[in-house]
Amino acid sequence: MQTFNETLRDLLNRCDAVAQLYPEITDTAVREEMACAILEGFYRLDENYCYTPRQFAMYSDDGNTKVMAVLYAFISEAIEAAKCEGLDTFHKRFAAFQNRSIVSDEGHSFDYYFGHWNTEDFDEDGKPR
């Protein structure tokens with residue numbers, strides 16, 4: 001099993017691969033949708049998080065499908081890695097994901113694809129303050 005940092009690096013590399021075909025992945029609307037998926041599915045571990053097809057503001061259905069596949073694979077892998085590493089709270093998972101020292105092979109950190117949120121904006125359960 002991979003470490004969480006390896007899982008995050010894989011996500012960033014997969015995003016780089018999608019960006020080669022679909023550069024709109026870095027558009028603000030797409031970044032916001034992707035960040036919300038990470039918030040719901042990974043930071044919060046929302047049991048009601050829906051893994052059915054959803055829109056990520058990509059320009060094409062194929063681009064949307066690729067983003068969805070990348071994110072859903074990451075969330076599944078990241079949850080397992082987080083359990084093994086004791087990332088057992090919203091804020092621990094939040095901090096682990098927003099680690100600028102983990103970059104893709106092209107040098108992109110999480111904020112290139114997901115933007116940045118402030119930890120102070122959320123309570124211990126991940127609800128907005």
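The side chain of Gln98 reaches the backbone oxygen of Trp117 at 3.0 Å, a polar contact (a pair of N or O atoms within 3.5 Å, where one must be able to donate a hydrogen and the other to accept it). Gln98 is found in the loop between α4 (90-97) and α5 (110-114). With a relative accessible area of 15%, Gln98 is buried (under 20% relative accessible area, using a 1.4 Å probe). Leaving out residues up to four places away in sequence, Gln98 touches Tyr43, Phe110, Gly115, His116 and Trp117; touching here means contact, with heavy atoms within 4.5 Å.

A quick word on the model: it is predicted, with local features needing pLDDT of at least 70 and side-chain atom pairs counting only at pLDDT 80 or more, while totals for chains, interfaces and linings use all residues. Residues are numbered from 1 along each chain, and side-chain values use heavy atoms, with hydrogens and water left out.

Tyr43 also belongs to the buried set of α2, along with Val30, Met34, Ala35, Ala37, Ile38, Leu39, Gly41 and Phe42. Those buried residues pack against α1 (4-21), α3, α4 and α5. Just after α2, Leu45 takes a positive phi of about 50°. The helices are DSSP runs (H or I, at least four residues), numbered from the N terminus.

Now for how two helix pairs sit together. Axes are lines fitted to C-alpha atoms over the stretch in contact, and angles run from 0 to 180 degrees between N-to-C directions.

| Helix pair | Angle | Axis distance |
|---|---|---|
| α2 (residues 28-43) and α3 (residues 61-84) | about 30° | 10 Å |
| α1 and α3 | roughly 175° | within 9 Å |

That angle makes α2 roughly parallel to α3, a label for angles under 35 degrees. On the α2 side, Met34, Ala37, Ile38, Gly41 and Phe42 meet a set of α3 residues, including Val67, Leu71, Phe74 and Ala78. By class, this contact of α2 with α3 has 11 nonpolar, one polar and no charged residues.

α1 and α3, on the other hand, are roughly antiparallel to each other, the label for angles over 145 degrees. Among the α1 residues making the contact are Phe4, Leu8, Leu11, Arg14 and Val18, and α3 brings in Lys66, Val67, Leu71, Phe74, Glu77 and Ala78, among others. By class, the contact of α1 with α3 has 13 nonpolar, one polar and three charged residues.

Note on methods: Helix = DSSP H or I, 4+ residues; strand = E, 2+ residues; numbered from the N terminus. Parallel < 35°, antiparallel > 145°, perpendicular 65-115°, else oblique. Nonpolar A, V, L, I, M, F, W, Y, C, P; charged D, E, K, R; others polar. Buried < 20%, exposed > 50% of the residue type's maximum accessible area, 1.4 Å probe, protein only.
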